[in-house]
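Welcome, and please have your viewer ready. We will go step by step, selecting one part after another.

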2 protein chains.
Amino acid sequence: MKDILDYFKANDERYLTELAQFIAIPSISADPAHRKDITKTASFVEKQLKAAGLKNVKQHPTKGNPVVYGEWLGAKGAPTVLLYGHYDVQPVEPVSLWKTPPFEMTIKGGKMFARGTADDKGQVFILFKVIEAYLKNRKQLPVNVKVIVEGEEEVGSTNLAEFVKKNRALLSCDSILIADTNMLGKDKPSITYGLRGLTYLEVSVTSLNGDQHSGTYGGAVANPVQVLAEMLVQCKDPKTSKVKIPGFYDDVVPLGRKERGELAKIPHNDEHYAKRLGATMTFGEKGYSTIERTGARPTFEINGIWGGHTGEGVKTVLPASAHAKVSMRLVANQDPGKIAKLFIDYFKSIAPPTVKADVKLFDNNGYAALTPIESPGMKAAAVAIKKVYKKDPFYTREGGSIPVVADFQQLLGVDAILLGFGLPDDNLHAPNEKMDLSQFRAGLATVSYFLEEYAKVK
Amino acid sequence: MKDILDYFKANDERYLTELAQFIAIPSISADPAHRKDITKTASFVEKQLKAAGLKNVKQHPTKGNPVVYGEWLGAKGAPTVLLYGHYDVQPVEPVSLWKTPPFEMTIKGGKMFARGTADDKGQVFILFKVIEAYLKNRKQLPVNVKVIVEGEEEVGSTNLAEFVKKNRALLSCDSILIADTNMLGKDKPSITYGLRGLTYLEVSVTSLNGDQHSGTYGGAVANPVQVLAEMLVQCKDPKTSKVKIPGFYDDVVPLGRKERGELAKIPHNDEHYAKRLGATMTFGEKGYSTIERTGARPTFEINGIWGGHTGEGVKTVLPASAHAKVSMRLVANQDPGKIAKLFIDYFKSIAPPTVKADVKLFDNNGYAALTPIESPGMKAAAVAIKKVYKKDPFYTREGGSIPVVADFQQLLGVDAILLGFGLPDDNLHAPNEKMDLSQFRAGLATVSYFLEEYAKVK
């Protein structure tokens, strides 16, 4: 490995110069005004993949932004790893809160500041440069690699699943490495092995054909806000926080003793956690720790509620209807479509005869993702981390959802390894995004070791 | 009575001309642009009272609009009736929905159309003309009368209680006649003998110092919307609709058998009632009829609720706080201040330790009003109605609140008789307000008979 690590050192300055060029193109996918920048960035990625020595490099058009693909399949008999990242970035508003220009990479105190440094240009760039280092020095990689870099991650990867479906053969692999997540800390290296899924709905309870005077009609007909409150309370037990939708937990992969042991190792203090959020205390599903509650257990949350008079002062109105946005975070192996149906059926079944209950399902549902800690890819990642960080990794599950991960797993039928080098203070999606230089450099080494180890374990 | 009734007939045309002049002044108390019209209208009322033959007629300034007062105290040994009405009117928007000019009294099909015809210029004008008829024809009235006409009823009678407090001696009387309500129908004459009181509050439940990501934190801390729903459900029993605030019913004057019998006589059909409101069915406090629930029983209603994401589409937010407007309609002898305190104490006591609960009390609380059906004033009103309408009146309780009624009762220590000649289809506070000519004329006779009868019964 000395040749590879030496190559990283020798080319460090050039890497940062090229990364700064990558970052300088404001590829904000949410803003149609930046469409040209998206095209420019896709071409930049294409050039990087070609320069790294990949074959079959090509921009694949989609209904949205192009997917850039490249591959190197010269490792006969060795497994194939699909490497994923994205070239689009979040908007930068409010610009006034940025201490350095958002698209001018500024290095200060060992940190690279700019939009996209951590999410995800700086991380996907690690993949480019690992490939380059191997192919320049050895003319070969330890494993076969396929690289896919999309341009719509920040707007929900709208067209990626379709692309993957249409190109299953092209993308077939043994494992997927996703370079788009965080570690717990520089001295707390970690691998994300689970993400939660999601189903999101809007419920409405209607009792009247129009708002009425609460003096004239109050007491004579059902109040839809009251009924909605009653129905929401029947969705989650106030004491145990158990979701009360029948069948909700049926498909949940239970937490094993070993896994709970791993999760218990993660440094965490409930009191500090609550204090940081301004909460009086933590609160959640009975029988589980905060780490488990946020990563490994499904939830039912009300994301919003409204009905009747919500303005200033007094209005003596009996509302005609009341509404709420509700969502459920899911874990493996819950099916978002099935869970949505269970909820809809249950919600309608508990509606009293005094009201009409409606439910609308939004289309951004996603499966949870879970990669066993004992899987070959996870083992390879753990060894790689140990070699670079001189520590065993923590194993974490993220509470949020990256639907594309589950899409990859389901469409390609393989495990996803979330090996990311971001840190919790990177200001993702916020002003002053940064990536630590030390994490960028450790990333180059860790991904290299991962490929070496993966060739062995698989 | 022939002299009086003949006088009404002979002067009918003049009455309508004068009423049209009264109505033509757009005395909208809610709109400061109409301040001059308020002054003009107060002067018009002053002239009417003087022309009717009252003494001591005067505009009394308040912090807001003047109160016009006049009296005739020549009936030695007879009781004194305080007659109340208001000269201000509601705004007229949206003007485009008016079929005739809002301030041009238009008579069509036996109805007078214009803002203020029913609420309340047309009704208070009845009082002026009854007095005029007696004093012109007989130089005396059957009882002593005091007349008070205010100009802020449509904006909450802000300064009236203060005026009454300062002028208790001036206003001292045996009964108050309020000409500002409806009857059930032309062929269903009725007297309102009860109004509900009100206390209105805003509650807030806070669990975090800011909105958070529902993926990252969902399941680890209390969801304030969920907690608010749980707390609201504890305020009213979902099955019986009984308010669960301890002590809430303690001071309620129970419905007696005779009173329930009177209320049961009121024509009412639950199915039609529900259908008109677009409700699947009526629903309310167990053991009471719809008429009783809306008029004679206290309620707890949620007037509004909000928290978290209330816009379009999906936002996976864990809200920091949730809010609701709640109000309680009260009946005699509930004290709004005491009830508000009971609610605040209870609401805070049921807040789980995961949240901070706050309650804000609005200052528009008011006592309920209740005049016994057997009281002398009610009896006199019933006889008067029978003489004019050839039917016994129905006795109704209104679900809404007119705080000034309770203020009068409490400050002056006498009963209030709500003898109004409006009809349910008068479009109060709406475009195309009207008053039926037949009701206006019946009002003149009925108030005259009331004064005659009150002189006998008291």
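Start with both chains on screen, keeping in mind that this is a predicted model. Chain A can be laid on chain B by a turn of 180° with a shift of 0.0 Å along the axis, and the RMSD is 0.1 Å. That relation is the one of a two-fold axis. Next, colour the interface residues of chain A: 99% of them are also interface residues in chain B, so the copies meet through the same surface.

Now hide chain B and colour chain A by domain. Select 2-195 together with 368-457 for domain 1, then 197-252 together with 298-361 for domain 2. Between the centres of these two domains of chain A, taken over C-alpha atoms, there are 40 Å. Look at where they touch: domain 1 of chain A brings five residues to the contact and domain 2 of chain A brings seven. On the domain 1 side of chain A, the touching residues are three nonpolar and two polar, with no charged ones.

For the last stop, select helix α1 (residues 2-10) and helix α4 (residues 121-138) of chain A. How do their axes meet? The axes come within 10 Å and cross at roughly 120°, and α1(A) and α4(A) are therefore oblique to each other. The crossing of α1(A) past α4(A) is right-handed.

Show side chains here. From α1(A), the contact is made by A:Asp3, A:Ile4, A:Tyr7 and A:Phe8, while α4(A) supplies A:Ala133, A:Tyr134, A:Lys136 and A:Asn137. Coloured by type, the residues of this contact of α1(A) with α4(A) come out as five nonpolar, one polar and two charged.

Technical notes:
Residues are numbered from 1 along each chain as its sequence is written. Chains are lettered from A and ligands numbered from 1 in the order in which they are written. This is a predicted model: local features need pLDDT of at least 70, side-chain atom pairs count only at pLDDT 80 or more; totals for chains, interfaces and linings use all residues. Domain bounds come from an automatic or database domain assignment. Two residues are in contact if their C-beta atoms, placed from the backbone, lie within 7 Å. Ala, Val, Leu, Ile, Met, Phe, Trp, Tyr, Cys and Pro count as nonpolar, Asp, Glu, Lys and Arg as charged, and the others, Gly among them, as polar. Axes are lines fitted to C-alpha atoms, for helices over the stretch in contact, and angles run from 0 to 180 degrees between N-to-C directions. Helices (H or I, at least four residues) and strands (E, at least two) are DSSP runs, numbered from the N terminus. Angles under 35 degrees count as roughly parallel, over 145 as roughly antiparallel, 65 to 115 as roughly perpendicular and the rest as oblique. A crossing is left-handed if the near helix is turned anticlockwise from the far one by less than a right angle, and right-handed if clockwise. Copies are superposed by least squares on the C-alpha atoms of residues with pLDDT of at least 70 in both.
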